Amino acid sequence: MTGMGLGVGAVARRLGVAPSTLRTWERRYRIAPSRHTAGGHRRYDETDVARLELMQRLILGGVPPEEAARAARAAGPGELAAPPAPPAAAVPAGEAPAVRALVRAAAAMDAAAMRRLVRDALDRDGVAGAWPGLLAPALIEIGARQAAGGVPVEVEHLLSDCVLGALAAVAAAAGPPVTTRPVLLACAPEEQHSLPVQALGAGLAQEGLEVRVLGARVPYPALAGAIRRTGPAAVFVWSSTAETGDPRPLADLPGTRPALRLIVGGPGWADGALPAGTRRVRTYAGAVAAARAALGLD
Ligand code: B12
């Protein structure tokens, strides 16, 4: 840190929050930098940053913001210097910095920072890079924390909504498709985990494939109807949990001419019981490759 201290943007990046969050904390909870430049810009020194980090750690640990701010304001040098992160704030050290930042922002329910991190990654890396590199690992980490009681379920809902919104924007901005036979994407009946299907749909659209995304909880008769009406080259069905991964009804889906390729993905499918000719894919890239192969693109 220079003698001038850090500006609000640099501190926000360090904490993985939006700059507006720091301004809100200052306004609402009176956690302010000790100095301002002659032009009135905020300047945070090491102690100011340590105070903010303590406030954030307490909030992530479940302390209400007002109380966290009071404790951070009152903290002496010893408390500010020792940063044993509470379990909720600990992101496995192996995670990429971007994943850590998104998980932190999600745990703090900082929607503005989440949207910025998600949108930047999608702009920079496309869905093919951002889903496996950032979005899926962050979702898995938040899911694991939620299951362990580390974060409340509303965090999972907010992160899902933020990712779904960003993926919808990508799909809407995709150029005209270069293929004609569509790829149909659906969740298995009663399967609410639609994120992978939305990610794959947006990613395939970004690659110029014609897609039809049917979303969450698609009953098999509805999927059958969509197959008859659209004559897809490939049908992708997602199941996240064993409750929705019964493969038997897949055998009764109608065929098309030329024949469609049935692809299944997600940890819910029971191995071994899939209808003959069904392709099971285990990664995002594997799903893209299977869809492209069904269209004769590779
Ligand atoms: C977001 C989320 C939700 C959101 C879904 C929002 C939405 N529109 O999608 C909401 C809040 C609605 C939700 C609800 C529920 N959820 Co939920 N949820 C999740 C979470 C955090 C992410 C889901 C997701 O997108 N997964 C996809 C990717 C990111 O994860 P993955 O499948 O593990 O990824 C692996 C592979 O599949 C592959 N991969 C990754 N991406 C892709 C993409 C493609 C195309 C392919 C082929 C492969 C692939 O790589 C990974 C490593 O191997 C997961 C955590 C998790 N690990 O999945 C829990 C999770 C799936 N949910 C879980 C549960 C229990 C539920 C509920 C039953 C909770 C409840 N009691 O109500 C309900 C309802 C379930 C239902 N009937 O559908 C459990 C399932 C446990 C189990 N094995 O049965 C999980 C695993 C959380 C946990 N750790 O316990 N959930």
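Predicted model: local features only at pLDDT ≥ 70, side-chain atom pairs only at ≥ 80, totals over all residues.
How many residues surround the ligand, and which are the closest? The shell holds 26 residues, and the closest are Trp131, Glu156, Gln192, His193 and Ser194.

Residues are numbered from 1 along each chain as its sequence is written, and side-chain values use heavy atoms, with hydrogens and water left out.

**View 1. Domains of the chain.** The chain is assigned domain 1 (8-81), domain 2 (97-171) and domain 3 (176-294). These bounds come from an automatic or database domain assignment. Taken over C-alpha atoms, the centres of domain 1 and domain 3 are 47 Å apart.

**View 2. The largest pocket.** Its space is about 980 Å³. A pocket here is an open set of points on a 1 Å grid over the protein atoms alone, where a 1.4 Å probe fits, with protein on both sides within 12 Å along at least five of seven lines. Grid points are joined across faces, edges and corners; the volume is the space filled by probe spheres set on them. The lining has 30 residues; His193, Leu195, Pro196, Trp238 and Ser240 are the closest to the pocket centre. A lining residue has an atom within 4 Å of a point. By class, the lining has 16 nonpolar, ten polar and four charged residues. Asp, Glu, Lys and Arg count as charged; Ala, Val, Leu, Ile, Met, Phe, Trp, Tyr, Cys and Pro as nonpolar; the others, Gly among them, as polar. Domain 2 and domain 3 both give residues to this lining, so the largest pocket lies between them.

**View 3. The ligand in its shell.** The ligand takes the space of the largest pocket: more than half of its atoms lie within 2 Å of the pocket's grid points. H7, H8, H9, S5 and H11 each supply at least two shell residues. H7 gives the largest share, six residues. Helices (H or I, at least four residues) and strands (E, at least two) are DSSP runs, numbered from the N terminus. The shell counts 14 nonpolar, eight polar and four charged residues.

View 4. A polar contact pairs N or O atoms within 3.5 Å. A ligand nitrogen is 2.8 Å from an N or O atom in the side chain of Trp131. A ligand oxygen is 2.7 Å from a polar backbone atom of Gln192. For Ser194, a polar backbone atom is 2.8 Å from a ligand oxygen.

Note on methods: Near = heavy atom within 4 Å. Polar contact = N/O pair within 3.5 Å; in protein donor to acceptor, adjacent residues only side chain to side chain.
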